[in-house]
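Please read them alongside the sequence and the coordinates.

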Amino acid sequence: MKGSTIPLKDNLNNTIKKILKTLLEKECFDAILVPSRVPSGESFTYLLINNKDFLESCTPLPPIMPVQGARALQNFTRRGKTNLKVLCVMRPCEIRASIELSKLRQIELENISFMSIDCPGVLVTRDYIDKPKESDTLYEEVIIQWKGEHLRPTCNACVHFSYKDILSDIHIGVVGQKNHNILLVPLSEKAKAVLGKIDIQCSDDISSWQTKINEISQKKMNQRNTLFSELQGKSAGAENLDKLFSECINCHNCMRVCPICCCRQCFFESSDEVRIESEDYFIKAQNKGGIKFPTDMLLFHLGRMSHMSLSCINCGICEDGCPMDVPVAQVFSFIGDAVQKMFDYVPGKDRNEPIPILTFKEDELREYEDSKG
Amino acid sequence: MKSFKTHKSPDDTIRDMLLFLLENKKVSSIFALSKVHNNNYAYTLITDKELLKNITPTFPLMPANAGKMISRLTMIEAVKSPVAVVLRPCELRALFELVKLEQAKLDNLLFISFTCGGVFPIKTKKDSVENALKNYWTNAKTGEDLQELRECCRICENFVPDNADIILQLAGKDIDNGTSVLMKTEKGAGFLNGMSEQFSEESLESTALDTIGEIRKEKKQKIFADLKTEDFGIEGLVNIFGRCINCHACSKVCPVCYCKLCYFESADNDAGPSIFEIELKKRSALRIPADTVLYHLGRMTHIGFTCVGCGMCSDVCPTNIPIATIFTKVSERVQKAFEYIPGKDLEEKVPVSVFEMKELEDVED
Amino acid sequence: MDEKTLPQIVGFLCKWCSYAGADLAGVSRLKMPASLIPIRVMCSSRVDPIFVLKAFLAGADGVLIAGCHPGDCHYQSGNYYTRRRFALTRKIFEELGLDTNRIRLSWISASEGQRFVNVVTEFTENLKKIGKNPVKAEVFL
């Protein structure tokens, strides 16, 4: 694998924007879907742009992720494919979520290309909104040092922060470049052709960058294992699980911001859950002496886990959306990891690999069934 | 009204009342805020009197709007045996609006409420609230502004529960000297008939309440004036709702936003890629997810008349948009234009569901 | 008239009265500016405030709701509800600094072809005076 070294002009975002500008000018793409600062300045959203002048307000690698890129792409292509050639500039986890959503028929990937960037993680959205300018400065340090205490907890346990196991086309390497340059790495034939069109020859050696990525991956894997064994202790048994989710007010925000949760009407907001005869509530109350309202909080979390954990790409946006700081993302990544390992499934890696519960083999999982006696 | 005074704290007074009602089988269960395990607070439906020791009905937190919860309970059918419900004035008003919208049934419900000093935002750490209690009740007595409360509460003039059966006088009173209980309705007096306390005659002490009302009104005028919604225009709307992430949490916790499948989540609102492509051609750039301002304006047209200003929406917003303040302000103006007070009178229908043959001549042509 | 300078008006016309009135204007060969995009609805009360908002935020310079005169609604009382909803929407526009001159409620009966032309012409003239809807260029909606 080879790449191209591009010198860094003032900062990372501006350097990437120059490349995006050229891609639009040379008509390699009809439009670009890229994060952008909102007019009031203290947050970010996605913009679909076909005019390079609008790249001004854009930030390809924003310090926060208030909107999951996959959710933005779903909003655009849920009803069908686009006829425009679109380049989506996203973080690796957002691309992985997009691939999962395409398996759930929520995104049409035809004519869509991806540009990914080495991701150090993101800051917590609410903290950022409180003090945007300070946080911007803080994040610049995060990119240079490649570590940070103020990041989303799941970011510290993320091993898919670079080019491996993601279906991106053009990848931008940032790690280990000491703020001097970036690496443009084509991950597909399509990418090679596009970069060729803008006169970028990918012939530089990138092995030192790859080594650095492996080093950091190893470190992150250790952090991940530590986090997960901590969570194993914290969540074992109904009582502990209750404690972990004790602050939850059952607002369902986590489900709403999750890119994988795509049902128009979540089961937990359907008639089955909210149109219940009063007698049923009283029977439950009488059995235990009393019940909490809203009801079924743990059921909601465990239910959501059974529905989406096979595709959980641990982006951590659920925890960002929680008004009560429940460690939702951490618990879901932990469980997601365990069930994905059980099926040897890596979400977002392969477009053609179906989600394990949507497929089967005739002879498998014998250890779970009981067929004798 | 019939009344009595206890030498106990408000929470203890309510506990005694509810114990009396449960033990004498006047109610089969009670609904109130409780301190549940792990140091948390949640609304609970209780049938076992042993669990009454955990209730904290006047604790200044609102983890969910009780009106919405009672609507869940009585959505399909009314409760079959009496239930005593302890809730705040805005929650009771929300419930009355929900009854008008056919989302709840009031039969067999006994309402116990109190003159309300407001609540802290749900994000506030529980131990901070517990430590701030003394300060909270001092402020509730004088009406002096407490900045840490929900903004909606600091500007609320509707803090006297119009439609409760039993009212505790808390705001405007020194609760260290005991608690005053008024039985506003015959029904309320009937339920508490036989409680050991001697009943006397009393009415709501309006002087202190008027003072508090004045303070809150002034605060409201200032906060509303600072918000300057009249100068928003499209630029202002884009600015204030700019960081909205279309999560719809505000609509889900709102008591009067009751549609099971919101228009904005239905297939009707999905735009195909061709629409995006057309809009992109028109504007050269397009925010995605789209229709953020439309969502808020649309929701405003749908709940403008029924918003009770409880403030749940601002509490759950992941990007701290002051939704409650904006919605409370605009809906108050809309309600005033039709002389409508949500939750006050069950017979007074929501303005969009009735009409006069001759009216509003200034808007038609 | 130059197509580019014409305001764009989205009109929700009720089938029984206003749409028929518009039809009559056409059949009678009455002249009016080509600014209106008609959308036929069964009754003016079908119009949810969200339709008005959608049209407005999509860039329409003006939004017209037209129905039967009060007392003449084909469904007895639909238009009374329309009037209430329109008053609500208009108040919200006012409170949020959006130009209330851009939304209009007119009663036009099936026999009022000329009235239909007058309404559209007048609305178009007003909109020309207040200019294009600034929402047209807005990106962060």
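1. Confidence. The mean pLDDT of chain A is 92, and 100% of its residues reach 70 or more. This is a predicted model, and within chain A the confidence is lowest in helix α11 (residues 271–274), where the mean is 85. Strand β4 of chain A (residues 86–90) has the highest value in that chain, at 97.

2. Contact between the chains. Chain A contributes 64 residues to the contact and chain B contributes 58. On the side of chain B that touches chain A, at least two residues each come from β2 (29–36), β3 (40–46), α2 (66–73), α8 (233–240), α9 (249–253), α10 (273–283), β9 (285–288) and α12 (312–316) of chain B. The element that gives the most to this side is β3(B), with 6 residues. By residue class, the side of chain B that touches chain A has 30 nonpolar, 14 polar and 14 charged residues.

3. Which strands make up the open sheet, and in what order? The sheet has 9 strands in the order β9(A)-β3(B)-β2(B)-β4(B)-β5(B)-β6(B)-β7(B)-β1(B)-β8(B), and its pairing is mixed. The edges are held by β9 of chain A and β8 (200–201) of chain B; each has a single partner strand, so one side of each is left without a neighbour in the sheet.

4. Helix packing in chain B. Helix α7 of chain B (residues 206–227) packs against helix α13 of chain B (residues 323–337) at an angle of about 100°, and their axes are 11 Å apart. Angles of 65 to 115 degrees count as roughly perpendicular, so α7(B) is roughly perpendicular to α13(B). The residues that meet are B:Ile223, B:Phe224 and B:Leu227 from α7(B), and B:Thr325, B:Ile326 and B:Lys329 from α13(B). This contact of α7(B) with α13(B) comprises 4 nonpolar residues, 1 polar and 1 charged.

Terms used:
Residues are numbered from 1 along each chain as its sequence is written. Chains are lettered from A and ligands numbered from 1 in the order in which they are written. This is a predicted model: local features need pLDDT of at least 70, side-chain atom pairs count only at pLDDT 80 or more; totals for chains, interfaces and linings use all residues. Two residues are in contact if their C-beta atoms, placed from the backbone, lie within 7 Å. Helices (H or I, at least four residues) and strands (E, at least two) are DSSP runs, numbered from the N terminus. Ala, Val, Leu, Ile, Met, Phe, Trp, Tyr, Cys and Pro count as nonpolar, Asp, Glu, Lys and Arg as charged, and the others, Gly among them, as polar. pLDDT is the predictor's confidence in each residue, from 0 to 100. Axes are lines fitted to C-alpha atoms, for helices over the stretch in contact, and angles run from 0 to 180 degrees between N-to-C directions. Angles under 35 degrees count as roughly parallel, over 145 as roughly antiparallel, 65 to 115 as roughly perpendicular and the rest as oblique. Two strands pair if DSSP finds at least two bridges between them.
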